[in-house]
Amino acid sequence: EPEVTQTPSHQVTQMGQEVILRCVPISNHLYFYWYRQILGQKVEFLVSFYNNEISEKSEIFDDQFSVERPDGSNFTLKIRSTKLEDSAMYFCASTVDGNTEAFFGQGTRLTVV
Amino acid sequence: GNSVTQMEGPVTLSEEAFLTINCTYTATGYPSLFWYVQYPGEGLQLLLKATKADDKGSNKGFEATYRKETTSFHLEKGSVQVSDSAVYFCALSGTGANSKLTFGKGITLSVRP
């Protein structure tokens with residue numbers, strides 16, 4: 001069964017450093033998303049991406065965040081200068097056409113120290 | 001904006017007990033409704049969905065009915081198993097450019113043998 005894959009599974013970084021979280025969405029999917037889940041809290045939407053541009057973003061997704069689809073398969077989330085409060089589980093998701101269910105990756109646990 | 005409210009947890013049940021997890025929503029238009037499950041140490045998996053009023057989603061013995069009149073999508077299972085222990089998230093989405101998921105806080109279910 002096709003799946004969304006995320007790497008790395010766990011990333012530890014020092015405050016102020018840049019991190020790039022990587023995702024490979026399902027190959028025929030057209031809409032891509034990033035969500036985050038701070039420990040013990042609900043899953044929050046960060047950004048959606050379609051046709052090589054951001055289609056929607058939340059208030060959390062400020063200038064420190066960016067997304068990119070550098071090639072035909074990868075979808076990345078970059079945090080330019082990490083803060084302690086960026087520590088969370090980050091989930092990538094994709095859907096075929098924005099009208100069907102989202103498939104989630106296993107997540108990347110980001111720990112900022 | 002859209003929002004999802006889940007009953008407070010955690011919930012602890014004995015094996016074979018009946019389960020109900022309440023979920024209500026606020027949304028414009030006609031959202032799709034979902035239940036996602038997160039097993040310990042894993043990512044989010046779609047449990048079931050309903051895309052229009054009066055639809056019933058079902059999977060693995062779980063059911064939920066899209067009730068537009070009460071804006072609810074309560075999750076039920078007639079006889080829970082220890083393996084059902086997980087965190088359950090109710091969520092809704094629009095379509096196309098508004099296809100992001102809005103999640104409830106999630107509720108932890110623990111099933112005792």
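**View 1. Four strands of chain A form an open sheet in the order β1-β3-β8-β7, with antiparallel pairing.** The model is predicted; local features need pLDDT of at least 70, side-chain atom pairs count only at pLDDT 80 or more, and totals for chains, interfaces and linings use all residues. Strands (E, at least two residues) are DSSP runs, as are helices (H or I, at least four), and they are numbered from the N terminus. Two strands pair if DSSP finds at least two bridges between them. Strands of a sheet pair through backbone hydrogen bonds, either parallel or antiparallel. The edge strands are β1 (5-7) and β7 (65-68) of chain A, and each pairs on one side only. From one strand to the next, the twist averages 20°. Axes here are lines fitted to C-alpha atoms, for helices over the stretch in contact, and angles run from 0 to 180 degrees between N-to-C directions.

**View 2. Strands β1(A) and β3(A) run antiparallel.** The two are joined by 3 bridges. Look for A:Thr5: it stands opposite A:Val24 in β3(A). Residues are numbered from 1 along each chain as its sequence is written, chains are lettered from A and ligands numbered from 1 in the order in which they are written, and side-chain values use heavy atoms, with hydrogens and water left out.

**View 3. A:Cys23 and A:Cys92 form a disulfide.** A disulfide is a pair of cysteine sulfur atoms within 2.5 Å. The sulfur atoms of A:Cys23 and A:Cys92 are 1.9 Å apart. A:Cys23 lies in strand β3 (residues 19-24) of chain A and A:Cys92 in strand β9 (residues 88-95) of chain A, so the pair ties together parts that are 69 residues apart in sequence. The torsion about their S-S bond is about -65°, so this disulfide is left-handed. Buried means under 20% relative accessible area, exposed over 50%, partly exposed in between (1.4 Å probe, protein chains only). A:Cys23 is buried, at 0%. A:Cys92 is buried at 0% relative accessibility.

**View 4. In chain B, a disulfide joins B:Cys23 to B:Cys90.** The S to S distance is 1.9 Å. This pair links distant parts of the chain, 67 residues apart. B:Cys23 sits in strand β4 (residues 23-26) of chain B, and B:Cys90 in strand β10 (residues 86-93) of chain B. The S-S torsion of B:Cys23 and B:Cys90 is about -70°, so the disulfide is left-handed. B:Cys23 is buried, with a relative accessible area of 1%. B:Cys90 is buried, with 2%. Over all chains, the structure holds 2 disulfides.
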